[in-house]
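Subject: Structure handover

Hello,

Here is the structure I said I would pass on. Please have it open while you read the notes below it.

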Amino acid sequence: MNMAVAKHEKWSSGFTFLLAAIGSAVGLGNIWRFPYVVGENGGGAFVLLYIGMVILFGIPVVMTELLIGRRYQMSPVNSLAHIGQDKPARRLWNALGWSYVLVPIGILSFYGVVAGWTLNYVVKMGSGALTGVDATTVENTFNGMMSDPVVMIFWQTVAMLITMGIVARGVKGGLEKAVEILMPALFIILLVLVAYALYAGDTSKAMDFLFVPDFSKLTGRSVLEAAGQAFFSLSLGSGAIMTYGAYLTKDISIPKMSCGVAFADTLVALLAGLAIFPIVFAHGLDPQAGPGLVFVTLPVVFDGMPFGQLFGILFFLLITFAAVTSTISLLEPMVSYLEERVPHMRLKMTFLAGAVTWAVGVLAALSLNVMSDVKPLGFIQRFADKGVFDLLDYFSANVFMLLNGLMIAFFAGWVMKRTALLEELGLEDSGLFKFWRLLIKVVVPIGVGLIFINFVTEGWLMDSLEGLFNGAMAG
Ligand code: PFF
């Protein structure tokens, strides 16, 4: 393998890195998914569980990915190949590096489709198509979009072109410029929306729902949902954080940055809840509306409120900004690898990676309408009802993401040298370091491993444990 790979640009400062990493973490996962998952899992107790997962699994793995990226300052493929070259199971670490650039492509292919929906909704809101209409019309509008392949692919293409346009310009000229504009805008819009929701909505009900825990609402599934959501929301196991770490200069503290990213990401998820639930409750609507919460419930609500159209536009702009600062981080790992293969060809390589992702995304979009009866893994019973979109979601955003996170923790904990870890983290060999190392050596591999096994066996593990527990209680 050629180790003399091209040098990558570096972030201008720790602050721009932080904006970019928070930009990657804050996305559809925070504003679209988190509120409805909280809704489905009963509110406050789930929020606490989620925060626990962020602390126990999230922050340690963010630290691990950043330190591995920065150690060799290359794409995940070459960083892992480099660190693993003289270690046992070298091939496994090579494969892990590849997984770290392929998984984000898998995620981006369907994430780009959803980013397209949000773009489409900015325009729909702006044009008044969702103003002065009844709930059925709003629902029909959403279903209409879902069943129209041309509209869906058009907007997915726009989302991918924006992503490619930013990534092609490089770290300083593209990624940094984008996050320097989009992230402050995102925070301002979010605060405006929270203020509006608290003023015009049912604040006390929303506060109760989000922050007063009722642990009886938690089930075994909630634990899995919380862990999966934490991984997805922090962009772990999917190359973005590791690649962004590779562009980090050596003077920046990785532990501090990791806590900053996790804190901001969680804060945004909670603020998104505070922007949404007060108005959902004020209208007596269902917080458990699932994926339609943002695209169906909210437009109905906005329509009945003063300045609803304006705030509706702002809301969908917010999600779009959040999505774009994530899509660029999903394309970057592959582009950084291709740049190492073919130096000085960033524009072409971005186009290549983007075009392949776009093409897979088209299949994902079509699987929601005209290709809805194509089930690529239909011959396996448990995948019999999953189309391309669902399979990409299942494998990239669940199976491989968790697997990557588990393996990277194992790799840093058991394979990498302690001195290298200490040096990269800039910590003393004391309590904090020992605690982190214990987490990635034991707690993360076992915890994520159990979650993973339970996930792929569709709850078998959890059911057995619950059976045992109930048996013991009865005995
Ligand atoms: N963290 C993003 C979100 O919450 O929407 C999704 C994501 C971005 C996942 C980048 C993985 C990734 F590499």
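Predicted model: local features only at pLDDT ≥ 70, side-chain atom pairs only at ≥ 80, totals over all residues.

Core

The largest nonpolar core holds 169 residues. The members that touch the most other members are W11, I68, I107, W117, V294, F315 and F316. Helix α5, residues 90–127, gives the most to this core, contributing 18 residues.

I68 is worth a look of its own. This residue sits in helix α3. Its relative accessible area is 0%, so I68 counts as buried, the limit being under 20%. Which residues does I68 touch, once those up to four places away in sequence are set aside? They are S79, I83, M242, I408, F411, A412 and M416. One of these contacts, A412, is 344 residues from I68 in sequence, yet their C-alpha atoms are 8.0 Å apart in space.

Pockets

The largest pocket has a volume of about 1,200 Å³. Its lining is made up of 43 residues, and R33, E225, D393, N398 and F455 lie nearest the centre. Which helices each supply at least two residues of that lining? They are α2 (28–40), α5, α6 (135–147), α10 (220–233), α13 (292–303), α16 (388–415), α18 (431–456) and α19 (460–474). Sorted by class, the lining of the largest pocket has 24 nonpolar, 8 polar and 11 charged residues.

The second largest pocket contains about 210 Å³ of space. The residues lining the second largest pocket are I55, L56, I59, P60, M63, P255, C259, L427, L432, F435, W436 and L439. Two or more lining residues come from each of α3 (44–72), α12 (254–282) and α18. Of the elements involved, α3 gives the most to this lining, with 5 residues. By class, the lining of the second largest pocket has 12 nonpolar residues, no polar ones and no charged ones.

Cavities

How many cavities of 30 Å³ or more are there? The count comes to 2.

The largest cavity has about 120 Å³ of space. It is lined by 17 residues, with S24, Y111, F232, S235 and S326 closest to its centre. At least two residues of the lining of the largest cavity come from each of α1 (14–25), α2, α5, α10 and α14 (308–341). This lining divides into 8 nonpolar and 9 polar residues, with no charged ones. Two helices from this list, α2 and α10, also each supply at least two residues to the lining of the largest pocket.

The second largest cavity has a volume of about 40 Å³. It is lined by L193, Y196, A275, I276, I279, L298, F302 and F315. Helices α8 (170–200), α12 and α13 each give two or more residues to this lining, and α12 gives the most, with 3 residues. By class, there are 8 nonpolar residues in the lining of the second largest cavity, and neither polar nor charged ones. F315, which lines this cavity, is also among the core members that touch the most others.

T163 lies in helix α7, which covers residues 149–168. Is T163 buried or exposed? T163 counts as buried because its relative accessibility is 1%, against a limit of under 20%. The T163 side chain makes a polar contact with the side chain of T327, at 2.9 Å. Leaving out residues up to four places away in sequence, T163 touches T327, I328 and L331.

Two residues with positive phi

Q73 is a residue other than glycine with a positive phi, near 55 degrees. Q73 is found in the loop between α3 and α4 (76–84).

A89 likewise has a positive phi, near 60 degrees, and is not a glycine. A89 belongs to the loop between α4 and α5. With a relative accessible area of 45%, A89 is partly exposed, because that value falls between the 20% and 50% limits.

Regards

Note on methods: Residues numbered from 1 in each chain as written. Heavy atoms only, no water. Core = buried A, V, L, I, M, F, W, Y, C linked by side-chain atoms within 4.5 Å. Buried < 20%, exposed > 50% of the residue type's maximum accessible area, 1.4 Å probe, protein only. Helix = DSSP H or I, 4+ residues; strand = E, 2+ residues; numbered from the N terminus. Contact = heavy atoms within 4.5 Å. 1 Å grid on protein atoms, 1.4 Å probe; cavity = no way out; pocket = protein on both sides within 12 Å on 5 of 7 lines; lining within 4 Å. Points joined across faces, edges and corners; volume = space filled by probe spheres on them. Nonpolar A, V, L, I, M, F, W, Y, C, P; charged D, E, K, R; others polar. Polar contact = N/O pair within 3.5 Å; in protein donor to acceptor, adjacent residues only side chain to side chain.
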